[in-house]
Amino acid sequence: KDRSKKWRQALTNQGWENSPGDGPILSLVIGSDQKALELQSKLEKYGLLCVAIRPPTVPEGTSRLRLIVRRNLPKGTLEKLLTALEKK
């Protein structure tokens, strides 16, 4: 749980909406289907695997990225994620 809290706090500090809960699955609401797919692709280029969740699984306009915080993630993964998601 501590790792998930750390990730949530880091993402919130970067300006992302806080993902509810305290478990290992984090949900970053992106909005449009296209933007969610673009960010999924960008993260893959950084060597990070995530899944874009889009309608009909979620309501229209609330597409999101699903991130899973695992114990065995390589050191520096959070920093890599924050760099890839940096809002400009």
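The model is a predicted one, in which local features need pLDDT of at least 70 and side-chain atom pairs count only at pLDDT 80 or more, while totals for chains, interfaces and linings use all residues. Residues are numbered from 1 along each chain as its sequence is written, and side-chain values use heavy atoms, with hydrogens and water left out.

Helices (H or I, at least four residues) and strands (E, at least two) are DSSP runs, numbered from the N terminus. Just after α2, Gly47 takes a positive phi of about 85°.

| Helix | Buried residues |
|---|---|
| α2 | Ala36, Leu39, Gln40, Leu43 |
| α3 | Thr77, Leu78, Leu81, Ala84, Leu85 |

Seen down the axis of α2, the buried residues fall within an arc of 105°, so they line one face of that helix. The arc is that of the directions from the helix axis to the C-beta atoms.

The buried residues of α2 pack against β1 (25-31), β2 (51-53), β3 (63-68) and α3 (77-85), and those of α3 pack against α1 (2-13), β1, α2 and β3. Contact here means heavy atoms within 4.5 Å.

**The nonpolar core**

In soluble globular proteins, nonpolar side chains tend to be buried together. A nonpolar core is a set of buried Ala, Val, Leu, Ile, Met, Phe, Trp, Tyr and Cys residues joined through side-chain atoms within 4.5 Å. Of the 20 residues in the largest nonpolar core, Leu11, Leu28, Leu43, Leu65, Leu81 and Leu85 touch the most other members. The elements α1, β1, α2, β3 and α3 each supply at least two residues of this core, and α3 gives the most, with four residues. Leaving out residues up to four places away in sequence, Leu43 touches Leu48, Cys50, Leu65, Leu81, Ala84 and Leu85.

**Pocket and cavity**

On a 1 Å grid over the protein atoms alone, a cavity is a set of points where a 1.4 Å probe fits but cannot get out, whereas a pocket is an open set with protein on both sides within 12 Å along at least five of seven lines; lining residues have an atom within 4 Å of a point. Grid points are joined across faces, edges and corners, and a volume is the space filled by probe spheres set on the points.

The largest pocket holds about 360 Å³ of space. Of the 18 residues that line the largest pocket, the closest to its centre are Leu48, Leu49, Ile68, Arg70 and Leu73.

There is one cavity of 30 Å³ or more. Among the residues lining the largest cavity are Arg8, Trp16 and Leu28, and α1 gives the most to this lining, with three residues.

**Glu60**

Glu60 lies in the loop between β2 and β3, and because its relative accessibility is 64%, Glu60 counts as exposed. Leaving aside neighbours within four places in sequence, Glu60 is in contact with Asp33 and Pro55.

Notes: Buried means under 20% relative accessible area, exposed over 50%, partly exposed in between (1.4 Å probe, protein chains only).
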